[in-house]
Structures are given as structure tokens and as C-alpha cells.
Amino acid sequence: MELRHLRYFTTVAAEGSLSRAAERLHLTQPSLSRQIRQLERDVGAPLFERTPGGTSLTPAGAALHHHALLLLRLADAAPDMARSAMGRTREIVHIGVPPGVPDGWLLDVLATLETELPHAAVTLTEASSTEQLRMIREGRLDLGLVHEHPPGRLHAEHLFAFPFGLAVRPGHPLADGTACRMQDLDNLRILAHGRQQVPVVDDRLVVAAHDAGVVPLWQFAQFSQHARAFAEAVKADAVLLMAHSARRLLPDWPWLPLAEPEFPLVTWLTWPLETRVVVRDVARVVRAQDRPAGATPAARPSGS
């Protein structure tokens, strides 16, 4: 996904017409249509509905639109930020991010950091929780957002949790329900993240299913953006995801929360006991950020 694709996308959304957007962008309409189709392939969902009067956003397009505007504002502000940084030192802070953290919340964190800590230059690395904890030990990350409880030699702050659920293939009998229980998973072909990405699936959910005498047909894989392709490859009946990930990756698959028992995916913020002042400052800002929509409140902090 490129910034120019997001600019084209927001222009079509603003104009409500491919032809008017193409004129405003000084592109031919076929060329603009190709760019929009490429963005839809990258996102994995249709972004516009074509109507006789022009175009309108799909639910997936509306979800992307807010984030696209924020990203473009940040990109447009980048030259001014660079010029304002001249003559002063900025300290680099490396932060790890796992799959499953909502993009909108992460963008809000970055915007807050830019306002409150202009002397901190943040870089992001996408990695699993296990990889992040290793990188922190090796000194290659300053802070990590992880889905497993960090060891005692690191500070650990419980930020928020999201309930797991199933994105169910349209037409499946479960798709008409409002929730699913452990018993509903029996003999269901379920695509789930492998342990290297989301340890809670192997560590708790598989064990709970076994203890309940339920035998899901687990299909473990490492995936991030291509849930639909992975689901089709293994002929999955459902994909184990959080609600916001399901809306983004499988917008036409009904999502049902997993109940009886519930299995939350917890996100911790972690950093070394001994670290730089700027890292502690960034950690303070991240901890103070409002939790994402749909997340449960943070538990009592386990570290300072």
C-alpha cells in the first residue's frame, strides 16, 4: 500500500465520482480505476460501491477512510516536522508491535507522542511477542507491545484486552448466531494463528477444548494480511480473530464472540528495568493513551 493510493482513495471518496476525482488528480479515469483496484487488492476488500450517480464507500471503505486521512495528515506534516527538528537532537526509540493491535489506536499513539515528546523519534518493528522479548533482551528494541506476560526482569504494564471470536464463513449454520460456545467448535475446521504469533491459542484454547472433550480441526498458520487466502487454502469454516481484525480482513464473514469460556487476548507494554529517560517518557505516554474501542479496561499495573 502506497501513500499515493491513499490520496487517490480519499479524493474519490470526497468527490463521490471516479470521473471527477480523475479530473482533480489530473489522471485518466481508467488509470485511476486501476489504482483503486490495486488498493482494494492490498486491503482484501471492496472499498467503493459503484452506483449510477457515482461512488459510495463500502463498510470496509468507511473504516479505511478515517485512518487514511490521519496517515495523509501525518505525511503532509512530515516536511515541517523535519524542518522544525533541525538544530535539536531527537532520540530514537524502537518499539515492537505484534499482529492484532488496532491500527487506529497505534496511529493515535504516534500522534500523541509527536505532540508531547517531539524530542523522541519513534521507529516501529512488527514482530511476534516471542521475537520482541528476544529483541528487547538483545538491546534491539526499547519497548514492546506483546501478547504474553513478560518475564520478571522486565517492566510489564497491562494495557488492554480484546475477546477472541470466530469469523464464520457466510452460509455456515453458525453464521446466524450471536455468539459461539466451546461445544460449537467440535469438528469445526478453524484457521488460527500459530503459537509464534499468538501463544494464547496453543497455551489455553487448545487445552480448554481438549479438557471439554471438544475436537476442533485446528489449522495453524502464520498470517497477517491474507486471512481470506489462508482460509480458502485450508477450506476453513471459521477464522479465530478479534472483532476489529475480522472487520478489516474478512468484512463479509459474520463475527461471533467466543463465550463459555471467554478467551481475551491481552496486550502488555514492556521495557527493560534499566533504560533511558526518553524510553520511560514514551512508555508513560503509551500507558496514558485511551484504550481502543471494544477493548476491556486495563488491569492493575504489574510494573512501574
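Mentor: Let us take helix α2, whose buried residues are covered by elements including α1 (3-15), α3 (29-43), β1 (48-51) and β2 (54-57). Helices are DSSP runs of H or I with at least four residues, strands are runs of E with at least two, and both are numbered from the N terminus. Cover here rests on contact, meaning heavy atoms within 4.5 Å.

The model is predicted, and local features need pLDDT of at least 70, side-chain atom pairs count only at pLDDT 80 or more, and totals for chains, interfaces and linings use all residues. Residues are numbered from 1 along each chain as its sequence is written, and side-chain values use heavy atoms, with hydrogens and water left out.

Helix α2 spans residues 18-25, and Leu 18, Ala 21 and Ala 22 are buried in it; buried means under 20% relative accessible area, with a 1.4 Å probe and protein chains only. These residues lie on the same side of α2, because they cover an arc of only 100 degrees around the axis. The arc is that of the directions from the helix axis to the C-beta atoms. After α2 comes His 26, with a positive phi near 60 degrees.

Turning to the whole chain, there are ten helices and eleven strands. Of its 304 residues, 45% count as buried. Among contacts with a separation of 6 or more, 75% are between residues 24 or more positions apart. The C-alpha atoms fill a box of roughly 60 × 55 × 30 Å along the principal axes.

Key
Buried < 20%, exposed > 50% of the residue type's maximum accessible area, 1.4 Å probe, protein only.
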